[in-house]
Amino acid sequence: LQHVQAFEAHLALLQGSKATAAAWADQNLDTRPWLPMVFVEIPALTWVRVRIAQGTQASLAQAAAVLAGVRRFTTETHNTIRLIDVLALEGLLHAASGERPDALSCLRQALALAERGGIVRPFIDLGPDMAALLHDVAKQSIGADYARRLLAAFPDQGIQGAAHAALTETQSGSMIEPLTE
């Protein structure tokens, strides 16, 4: 039941209902990761997403504390797929805290792990805020190619516009001819 409720909170967050998601997070304070972390929805990570979306200093501090524990757990259990989730969320957390260099560092780590297996979903599920971070990485040399591939996978037209700009702009700032418009 906990996983279903976490999924409902995640869905509420994706639909823009921060209040519904926050109500779930306020009632579910047990954020310890549990073995196995094989379910589609991990309650601790959903809880962190909600706290990041709230964007207050207190909620960001709570998210950081929980993410530290989940990161330790995923590292100790060699759960790379969930470590990618954690690193991507840490990137969003740092961005929300105004720590852009740390955000990009976490995101580059997540991209390095994800690229090996062609992992896309954790980034796409984090929406426009993640797209903005990916756009920044796409302008750099480390992780730029995979960041561009991920940007192209975003379903929203506004995000695709960012992906198109990232794909057509090279490091030197010159433009290349896109294959399609």
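**Core, surface patch and salt bridges of the model**

Apart from neighbours within four places in sequence, Ile52 is in contact with Leu60, Ala63, Leu89, Leu92, Leu93 and Ala96, where contact means heavy atoms within 4.5 Å. The structure is a predicted model, in which local features need pLDDT of at least 70 and side-chain atom pairs count only at pLDDT 80 or more, while totals for chains, interfaces and linings use all residues. Residues are numbered from 1 along each chain as its sequence is written, and side-chain values use heavy atoms, with hydrogens and water left out.

Ile52 lies in helix H3, residues 43–54; helices (H or I, at least four residues) and strands (E, at least two) are DSSP runs numbered from the N terminus. With a relative accessible area of 12%, Ile52 is buried. The term buried stands for under 20% relative accessible area, exposed for over 50%, and partly exposed for values in between (1.4 Å probe, protein chains only). Ile52 and Leu93 are 41 residues apart along the chain, and their C-alpha atoms are separated by 6.1 Å.

Ile52 is also among the residues with the most contacts inside the largest nonpolar core, which has 49 residues. Such a core is a set of buried Ala, Val, Leu, Ile, Met, Phe, Trp, Tyr and Cys residues joined through side-chain atoms within 4.5 Å. Helix H5 (residues 80–96) gives the most to the core, with eight residues. In soluble globular proteins, nonpolar side chains tend to be buried together. When neighbours within four places in sequence are left aside, Leu134 is in contact with Leu107, Leu111, Phe123, Ala147, Leu150, Leu151 and Phe154.

Helix H5 also holds Asp85. This residue is buried, at a relative accessible area of 6%. Not counting residues up to four places away in sequence, Asp85 touches Leu45 and Pro122.

A search of the whole structure finds six salt bridges, each defined as a side-chain nitrogen of Lys or Arg within 4 Å of a carboxyl oxygen of Asp or Glu. One of them joins the side chains of Arg51 and Asp26 at 2.9 Å, N to O. This pair links distant parts of the chain, with Arg51 in helix H3 and Asp26 in helix H2 (residues 18–27), 25 residues apart. Arg51 is buried, at 4% relative accessibility, whereas Asp26 is partly exposed, at 47%.

A salt bridge is also found between the side chains of Arg100 and Asp136 (2.5 Å, N to O). Here too distant parts of the chain are linked: Arg100 is in helix H6 (residues 100–117) and Asp136 in helix H8 (residues 127–138), 36 residues apart. Arg100 is partly exposed, with a relative accessible area of 33%.

The side chains of Arg148 and Asp145 meet at 3.0 Å, N to O, in a further salt bridge. Because these residues are three residues apart in helix H9 (residues 144–153), Arg148 and Asp145 are separated by about one helical turn. Arg148 is buried, with a relative accessible area of 13%, while Asp145 is exposed, at 55% relative accessibility.

On the surface, Phe7, Leu11 and Leu14 form a nonpolar patch with about 280 Å² of accessible area together. Patches are made of residues with over 30% relative accessible area and no salt bridge, like charges being joined within 9 Å and nonpolar side chains (Val, Leu, Ile, Met, Phe, Trp, Tyr) within 5 Å. Accessible areas come from the Shrake-Rupley method with a 1.4 Å probe, and for residues only the protein chains shown count as cover. Leu11 belongs to helix H1, residues 2–14, and is partly exposed, at 37% relative accessibility.
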